[in-house]
Amino acid sequence: MNLKKFLKAALCGAMVVAMAVTAGCGGGDKKADSGKKVLKVGMECAYAPYNWSQPSAEGGAVKIAGSNEYAYGYDVMIAKKLADSMGADLEIHKIEWDGLAPAVVSGKIDAAIAGMSITSKRKESVDFTKPYYYATVVALVKKDSPQAQAKSVADLKGSIATSQLNTIWYDQIDQVPYVKKLPAIDNVPGMIVALKSGKCNLIVTDIPTAKAAAFANPDLTMVTFPEGKGFKTSKEDVEIGIAIKKGNKELADAMNKVLSGMTEADFNKIMDEAIKKQPLAK
C-alpha cells in the first residue's frame, strides 16, 4: 500500500535484546497463558486492505491490545506468518499513523507493519526488512467523472486532489498539471469520504488501497496508466517494508528469512484475499 510514512526506531533494553536472541524477535515480554515471547506490532487498524479493525476474530483476526476489537488485513496476515516462524505470540497495537514512530522509539512496539514505503529519508532513522509488498501509485476517482477517462497523468489536468498525510502519494499530486491540491487527510476512510462527497475528484494512492476502495464502493474506480504515462516513482517509493530499530539484526534476520521465501506472486495472492475480506466488502 503501496509507500508510507515517517517512522523512528524502537528502543529496546539490553534484556530485551538478550531475549530476542533466543526468541528470534525484538520483543521480550512473556504472555502469562503461554510463556511464549511476544512480537509487538503497530499499525493503524484503519487502512484497508493493509489493516483494519473488526468486532470479532472472524477469519483469523487478532485481538488488539487493550481493546475489545480485533485487527485483520494484509499486514496482520503477514505479521502472523512472521510471529509463527519465530515461535512468538503476536500482539497488535492500534496506533494512529503519526504515533507509530514514537511507539517504535519508546519500545512500545517492536515493529511497524503498516504499508510503509522504504524511502531513504525513513532509513535515516529506522532499518527496514526486505519488501513485503510492491505497490504502484494510481488514481482513485468516481466512475462517472471525467477523471475516469484519463489515459495519462496529464489527462488529470485541473483536478481537485488530495491524499493521506505524510505519504509519498500526497507529494505525487504535484505531477498533475494545474492541480488544485487540498490539505492532506489523516486516514484512508477520510480520503474516501472526501471523494464520494465531492470535496475532491481525485485521490492519489497505491493499487491495494484503490482496489479495496473500489471493491467496497461501486461508484468508485481505480485508474491505471500505460508505462511512461503514469505517476513517476522511484523503486523505493513502491517497495513496502517493515520498520524496526536500527541495528536490530536479530529481528531483521528472522523476518527476512520468511520474506525471502516468498515471491511477489505470493504477496499479491495474500493481498487479494485481504481485499475480499475487508469489512466493507461484505
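Which residues point one way from β1, and which the other way? K37, L39, V41 and M43 point one way, while V38, K40 and G42 point the other way, and all are buried. The legends below describe close-up views of a predicted model, in which local features need pLDDT of at least 70, side-chain atom pairs count only at pLDDT 80 or more, and totals for chains, interfaces and linings use all residues. Residues are numbered from 1 along each chain as its sequence is written, and side-chain values use heavy atoms, with hydrogens and water left out.

View 1. Strands (E, at least two residues) and helices (H or I, at least four) are DSSP runs, numbered from the N terminus. Buried means under 20% relative accessible area, exposed over 50%, and partly exposed in between (1.4 Å probe, protein chains only). Strand β1 covers residues 37-43, and seven of its seven residues are buried, so the strand is largely enclosed by the rest of the structure.

**View 2. The partners of β1.** Two strands pair if DSSP finds at least two bridges between them. Strands of a sheet pair through backbone hydrogen bonds, either parallel or antiparallel. Seven bridges join β1 to β6 (residues 88-94), and these two strands run parallel. In this pair, G42 stands opposite H93 of β6. Strand β7 (residues 111-117) also pairs with β1 in the parallel sense, over two bridges. Here V41 is opposite A111 of β7.

**View 3. The sheet that contains β10 and β13.** Five strands form an open sheet with mixed pairing, in the order β12-β11-β13-β10-β14. Its edge strands, β12 (180-181) and β14 (220-223), each pair on one side only. Within the sheet, β10 (residues 137-142) and β13 (residues 202-206) are antiparallel and share four bridges.

**View 4. The loop at Y50.** Y50 lies in the loop between β2 (46-47) and β3 (51-54). Its relative accessible area is 0%, so Y50 counts as buried. The C-alpha atom of Y50 is 7.8 Å from that of M271, although the two residues are 221 residues apart along the chain.

**View 5. Cysteines C45 and C200.** C45 is buried because its relative accessibility is 2%. C200 is buried too, with a relative accessible area of 3%. A disulfide is a covalent bond between the sulfur atoms of two cysteines. With a disulfide taken as a pair of cysteine sulfur atoms within 2.5 Å, a search of the whole structure finds zero.
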